[in-house]
Amino acid sequence: MHTTLEKNTANFGVAWEQAYGYSQAVKVKDTIYVSGQLSHDRDGQLVAPAALDEHGRPRDFDNMAEQMRQTYRNAAELLAQFGATLDHVVEETLYVLDVGAAFKAAGAVRKEVYGSDQPAVASNLIGISQLAFPDQLIEITFRAVVPD
Amino acid sequence: MHTTLEKNTANFGVAWEQAYGYSQAVKVKDTIYVSGQLSHDRDGQLVAPAALDEHGRPRDFDNMAEQMRQTYRNAAELLAQFGATLDHVVEETLYVLDVGAAFKAAGAVRKEVYGSDQPAVASNLIGISQLAFPDQLIEITFRAVVPD
Amino acid sequence: MHTTLEKNTANFGVAWEQAYGYSQAVKVKDTIYVSGQLSHDRDGQLVAPAALDEHGRPRDFDNMAEQMRQTYRNAAELLAQFGATLDHVVEETLYVLDVGAAFKAAGAVRKEVYGSDQPAVASNLIGISQLAFPDQLIEITFRAVVPD
C-alpha cells in the first residue's frame, strides 16, 4: 500500500471551488496540473461574457479572443503561486464552443501570451457542446513541469 | 532508440476491453493512467442506466449522481490493484452529457468519495455530445501518482 | 522562481503549426506530449477526407478507419523523432465525431498499429461536436514515456 502523497494546491477563492470541491491547480513532484481555466476576474465575474440568445446559448463567438486572453492570464496567476510561468507549460487543451472562432483567435493570443512565434507547447483544440457557464466560450486545461 | 518500457496494467475483464483493445489502467514508473471509467458492475452491466427516448438518447439526467458514484468506485478498484487509492489522484476529467446535471451532482459525490470538502485534485468538467453507451451519462479519466 | 525548462520539439512543417503557434510534440524529461494528431500526409493534405453534405458536415463516417490508421502513422512519425515508438505510449484520447463508427473501427486498427491484442495503453473515446477541419472525423492525443 502506498503512503500519503505530498500535494500542493493553488486556488483563487471563487465560489465554485467550494461548491464543486476541487483545486484550481495541484503540484505533485515536478508537475503542475491546472484545472480547466476560464475567463473570470478576481471576484469570480466572467470577463467578456458572450451575449446570449433566447435559448440561453451564445449568440456569437465575438468575445473568443478576449476570453482566451483572460483565461491564459488566470493560468499564469496560478502557475506563479508555484514560482512557475507559462514557459513551463508542456501541454494544453482548449475546449471551445466554436473551433473556427477559436482557431482564428488562437494564433495571435497564444503567440502573445507565450512570447514566441511557435510555442514549445503541445496543444489540442476540441469543439465541445457545453461548458460550465452559458456565456463561457472557452476553457483551457494545462500541464506544466518545473526543472529539477 | 529507446528500449522497452516497463508497463503494468489493470483490467476488469469486461467484454469491451478485448473488443476495443486497451487497458483500463496503466502504471508506468510513478504514474497511473486510468482510462475513461463508467458506471458498470462486475459483469459489465451498466449501473443506473439512463432511460432512453424514442431516438435512443437519454430522456433525462436524473441518474447522473448514481452513475458518477459508481464510476468513482470503479476507478478506486483499479487504483487498488496498484496499491493506490483516490488520495493519489492528481487530475480527473469528467466528460458528461449535461454539465448542469453533473455540476449539481458533483459537489456531494466528489466530496464523499475523496473524503474532503475541497479535494486536492485538478478537475475538468466538459460537456460532450456522445459517450460509448447510449444510456451512459458520464465518463471520467484519472491520473494518479504514487509517492517515491 | 524556477529556471528555464529544457524542451525538445518535433514538427511536420505543415501550415497550421505556424498559424496556430504550437508544436506537434514536446519532450520534457522522460515524457513526450503529442498534440492532437489527424489524418494528413506530408504536404498537409487530409488523407481519406469525409464527403461533406450541403451544410458542410460529414455525410457519413465511412472513412473513420482509414483516417484513424493515418493518424496513428503520423503519431508514430513524431515519436520516431525522439527515438520512441507507439510501444512507449501510455495514454491516448480519441476525439471523434461519431462514437459508434469509431468503436467499430478502433479494435482492428489499434490492435494492428500497437501490434497487440490488448495494448497496454490507457484509452479514452470521446464523442465531440467539432474538429479543426470539416472533413476530419477523428483526432488523437498521446502521451508517451521513455525508459530511464
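I looked up B:Arg143 and C:Glu91 first. Both residues are buried (under 20% relative accessible area; exposed is over 50%, partly exposed in between, 1.4 Å probe, protein chains only). The model is predicted; local features need pLDDT of at least 70, side-chain atom pairs count only at pLDDT 80 or more, and totals for chains, interfaces and linings use all residues. Residues are numbered from 1 along each chain as its sequence is written, chains are lettered from A and ligands numbered from 1 in the order written, and side-chain values use heavy atoms, without hydrogens and water.

I then checked the contact. B:Arg143 and C:Glu91 form a salt bridge, with the closest N and O atoms 2.9 Å apart (a side-chain nitrogen of Lys or Arg within 4 Å of a carboxyl oxygen of Asp or Glu). This pair crosses between chains, from strand E6 (residues 138-145) of chain B to strand E4 (residues 89-96) of chain C. I took strands (E, at least two residues) and helices (H or I, at least four) as DSSP runs, numbered from the N terminus.

Next I looked up C:Arg143. Its salt bridge partner is A:Glu91, with the closest N and O atoms 2.9 Å apart. This pair also crosses between chains, from strand E6 of chain C to strand E4 of chain A. C:Arg143 has a relative accessible area of 8%. For A:Glu91 I noted 3%.

Last, I turned to a pair within chain A. A:Arg110 forms a salt bridge with A:Glu92, the closest N and O atoms being 2.7 Å apart. A:Arg110 lies in helix H3 (residues 99-114) and A:Glu92 in strand E4, 18 residues apart. Both are buried.

My count over all chains is 21 salt bridges.
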